[in-house]
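Look at the model, then read on.

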Amino acid sequence: MWNASLVTTFFLTGLPHATTLDTTLFGLFLLIYVLTVLGNLLILLVIRVDSNLHTPMYYFLTNLSFIDMWFSTVTVPKMLMTLIMSSGGGAISFHSCVAQLYFFHFLGSTECFLYTVMSYDRYLAISYPLRYSSMMSGRTCAFLAAGTWLIGSLHSALQTTLTFRLPYCGPNQIQHYFCDAPPILKLACADTSAIEMVIFVNIGVVASGCFLLIVLSYVSIVCSILRIRTSEGRHRAFQTCASHCIVVLCFFVPCVFIYLRPDSKDAVDGVVAVFYTVLTPLLNPAVYTLRNKEVKRALFKLRVKVTCSQSN
């Protein structure tokens, strides 16, 4: 699969920052990571135990929480090691770098496709409320979710294959806090222009295509909402979609900034990447619990159950 490479170990330089901030940044990102994992686990638990949340919307949200939990796990622990260990913390073997790149793009692209499916689900729920349950059946939900995972894995396999089929025989310092295609390709001992263009087009088609479909879904949703006669109905419909829009923007804007602009700058890319690798996975549980009455009601019921079981 890969061309012969002399490099057996890469070194991640980590986030660009003053060394005096190592401990502060370590504590901050560790806290965010713990909250991300616990928050997404809590969403998985609440949806699992509350039968009122066994709907298509929360089925897709379960997939999103699972992805976000592991998406953060792929990159953040290694970033923490580069912050806390003065020497050797950024070392990563060649094959571990391959695995990190694959799982990063696998989970990231799957999340991208999942956002598109979720917008389509909201479109059906608001535009066709009477036919929604038959149109978005359990089999349809499973098919759509499986499709996002399958296409995401194929997309990532292409990215990984194109990146590591080149020889790496000299420099081994990756100007980033995780293994990603743009900074890795800069270390290749061969012409990368053709592969960079293929990767650029590949990511561009996926990102722009998904974003366009999401925008079209929400334009249709807004048109349907404006036809709702009661102000309470319109408010509820807008509230249902607002949380999804917030998370989508926080995910797509940094991705487009990093991958779809011609002049990539390592330092800037590293800082911007924090938004969708560290902060967006945390936003998922925060937005969907703080802005969602059904989830807050389910959390309250779960807390009451736990309290009653402890008192007995």
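Residues 141-158 are 100% helix and 0% strand, with end C-alpha atoms 26 Å apart. Residues 30-47 are likewise 100% helix and 0% strand. Their end C-alpha atoms also lie 26 Å apart. These values come from a predicted model.

An unreviewed UniProt entry carries the annotation "transmembrane region" for residues 30-47, 59-81, 101-120, 141-158, 199-226, 238-260 and 272-290. Such annotations may be inferred rather than shown by experiment.

How many disulfides does a search of the whole structure find? The search finds two. A disulfide is a covalent bond between the sulfur atoms of two cysteines.

One of the two joins C97 to C179, with an S to S distance of 2.0 Å. The pair links distant parts of the chain, 82 residues apart. C97 sits in helix α3, residues 94-127. C179 sits in the loop between β3 (173-174) and α6 (181-185). The angle about the S-S bond is -120°, and the link is left-handed.

Are these two cysteines buried or exposed? C97 has a relative accessible area of 0%, so C97 is buried. C179 is also at 0% relative accessibility and counts as buried.

## The disulfide of C169 and C189

C169 and C189 form a disulfide too, with sulfur atoms 2.1 Å apart. This pair also links distant parts of the chain, 20 residues apart. C169 lies in the loop between α5 (138-164) and β3. C189 lies in the loop between α6 and α7 (193-226). The torsion about the S-S bond is about -135°, so this disulfide is left-handed.

Here both cysteines count as partly exposed. C169 has 40% relative accessibility, and C189 has 33%. Partly exposed is the class between buried, under 20%, and exposed, over 50%, so both values fall within it.

## Pairing order

What is the pairing when the bonded cysteines are numbered in sequence order? The pairing is 1-3, 2-4.

## Other cysteines

C255 is in no disulfide. The nearest cysteine sulfur is that of C112, 7.4 Å away. C255 is buried, with a relative accessible area of 15%.

C141 is buried as well, with a relative accessible area of 4%.

Key:
Residues are numbered from 1 along each chain as its sequence is written. This is a predicted model: local features need pLDDT of at least 70, side-chain atom pairs count only at pLDDT 80 or more; totals for chains, interfaces and linings use all residues. Side-chain values use heavy atoms; hydrogens and water are left out. A disulfide is a pair of cysteine sulfur atoms within 2.5 Å. Helices (H or I, at least four residues) and strands (E, at least two) are DSSP runs, numbered from the N terminus. Buried means under 20% relative accessible area, exposed over 50%, partly exposed in between (1.4 Å probe, protein chains only).
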